[in-house]
Amino acid sequence: MSGPGISVVVCAYTEDRWDDILAAVASVRAQSRPALETVLVVDHNQALTDRLTEEFASAGSRAADGEVRVLSNSGPRGLSAGRNTGVVAARGDVIAFLDDDAVAERDWLRWFAAGYDDPRVMAVGGLTLPVWASGRRPVWFPEEFDWVVGCSYRGLPPGRVRVRNVLGGNASFRRTAFDLTGGFATGIGRDGDRRPLGGEETELCIRLSRAQPDAILLVDDRAVIHHKVPEARERFAYFRARTYAEGLSKALVARSVGAAKGLETERRYTTRVLPSGVARGLRDAALARRGGARRAAAIITGTLTAAAGYAAGTTTPHLAAGSRAAGAMGVPPLERSREWGRVGAAAPAQAAEDPRPARTGTRTGQEAAG
């Protein structure tokens, strides 16, 4: 097998997703380009850790379809620390991340690996498609806001394109990216069932581009995963909560890396993609097509609630951190045990403050949301 060895990290936190977790792991083990290993990181849930450990304790977990290792999150509760735990433990030269309620298509890792033929490429993301629990997209739900449910959204160009940041649930990074940045910032992003914050991968990618200005970050829409959307997230109440939380998240990101870079992509999204979506919805309404007016209204509502969240996070910073302290966001050094070797940790504060501009190349508007 040519190309880099790829470790896949799957972060889990609840037994409610047991079948989804097993499906995610099975999709990794069925790849046309085999993964070096799958690292399952459990977020402070001993019962789930024990159950998964027993599930994958058989000799089959070390068979040709890839070893599966189960670990406990060694940092504070939350997705960022869970991912950092996986990075520390992973053995691959490239580390890919897959959501615990998603399944990857068979060539997912093949397309990721192809992106790293260029040594300047430091991250490759893919296309995330929604699988609606109800069996179909809610008629009012605009494709421009599919990021609300963790999926790729209308406004992204097709093909393999250069981006500011990748989407964390379907992404891969060279190990050296973490040597440069120190890992995902804690105090930002998801924390179990708390307020649905995001943005940790955006913040990491911006710091990465500052630490290595010639770094290339790509999205290849041939690297496809299918992400489950539970019924609770098909409701308008969740839509509003998630868009508001996204505004809070962007306030955190902007405070970390500066508003110029932290909101660079969002400006294009709000001035071009969203107005086009509103116009499309109104046109559908004029043609008596079902849901057009409601989609236009949802875009306007989502935009306003995200703006309100950003304003609240900027003027009242502690809101963005929820029950966590406002000053808790930081990038802890990633160090490995002697058994695993070491992941170096460049001083993250210096990387975040590096005044050199990132080389942008062809930008796409990737990730209006975390």
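**Notebook: contacts, charges and rings**

I began with contacts (heavy atoms within 4.5 Å). In the protein chain, 83% of the contacts with a separation of 6 or more are between residues 24 or more positions apart.

I noted that the model is predicted, that local features need pLDDT of at least 70 and side-chain atom pairs pLDDT 80 or more, and that totals for chains, interfaces and linings use all residues. I number residues from 1 along each chain as its sequence is written, and side-chain values use heavy atoms, with hydrogens and water left out.

**Entry 1: the whole chain**

I looked up the secondary structure and found 11 helices and nine strands in the protein chain. Helices (H or I, at least four residues) and strands (E, at least two) are DSSP runs, numbered from the N terminus.

I then looked up burial. Buried means under 20% relative accessible area, exposed over 50%, and partly exposed in between, with a 1.4 Å probe and protein chains only. Of the 370 residues in the protein chain, 56% are buried. The accessible surface comes to about 15,000 Å², and carbon and sulfur atoms hold 53% of this surface. Such areas come from the Shrake-Rupley method with a 1.4 Å probe, and for residues only the protein chains shown count as cover.

**Entry 2: salt bridges**

I looked up salt bridges (a side-chain nitrogen of Lys or Arg within 4 Å of a carboxyl oxygen of Asp or Glu). The structure holds 21 of them.

I examined Lys-228 and Asp-20, whose side chains meet in a salt bridge at 3.0 Å, N to O. Lys-228 lies in strand E9 (residues 216-229) and Asp-20 in helix H1 (residues 18-29), so this pair ties together parts that are 208 residues apart in sequence.

I next examined Arg-83 and Glu-200, which form a salt bridge at 2.9 Å, N to O. Arg-83 is in helix H3 (residues 79-89) and Glu-200 in helix H6 (residues 200-211), so that distant parts of the chain, 117 residues apart, are linked. Both Arg-83 and Glu-200 are buried.

The side chains of Glu-203 and Arg-207 meet in a salt bridge at 2.9 Å, N to O. Glu-203 and Arg-207 are four residues apart in helix H6, which separates them by about one helical turn. An α-helix has 3.6 residues a turn, so residues three or four places apart point the same way.

**Entry 3: helix H3**

I returned to H3, the helix that holds Arg-83. In H3, 10 of the 11 residues are buried, so the rest of the structure largely encloses this helix. Which elements do the buried residues of H3 pack against? I found strands E1 (6-12), E2 (37-42), E3 (67-72) and E4 (94-99), together with helix H5 (175-181) and H6.

**Entry 4: aromatic rings**

I looked up aromatic pairs and found 17 in the structure. Rings of Phe, Tyr and Trp (its six-membered ring) pair if their centres lie within 6.5 Å; planes under 30 degrees apart count as stacked, over 60 as edge-to-face and the rest as tilted.

The rings of Phe-141 and Phe-239 are edge-to-face, because their planes stand at 80°, with centres 5.6 Å apart. Phe-141 lies in the loop between strand E6 (121-132) and strand E7 (160-162), and Phe-239 in helix H7 (residues 236-257), so the pair ties together parts that are 98 residues apart in sequence. Phe-141 and Phe-239 are both buried.

Phe-178 and Phe-184 form a tilted pair, 5.9 Å centre to centre and with 50° between the planes. Phe-178 and Phe-184 are buried as well.

I also noted a cluster linked by ring pairs, with Trp-132, Trp-140, Phe-141 and Phe-239 among its members.

**Entry 5: charges over rings**

A charge sits over a ring if NZ of Lys or CZ of Arg is within 6 Å of the ring centre and within 35 degrees of the ring normal. Arg-83 lies over the face of Phe-184, at 5.4 Å from the ring centre. I found the charged end of Arg-222 over the ring of Trp-111, 3.7 Å from its centre.

**Entry 6: positive phi**

I looked up positive phi values in residues other than glycine. His-44 has a phi near 55° and is placed in the loop between E2 and helix H2 (46-55). With a relative accessible area of 39%, His-44 is partly exposed.

Ala-288 has a phi near 65° and is placed in the loop between helix H9 (264-286) and helix H10 (292-315). I recorded Ala-288 as exposed, at 68% relative accessibility.
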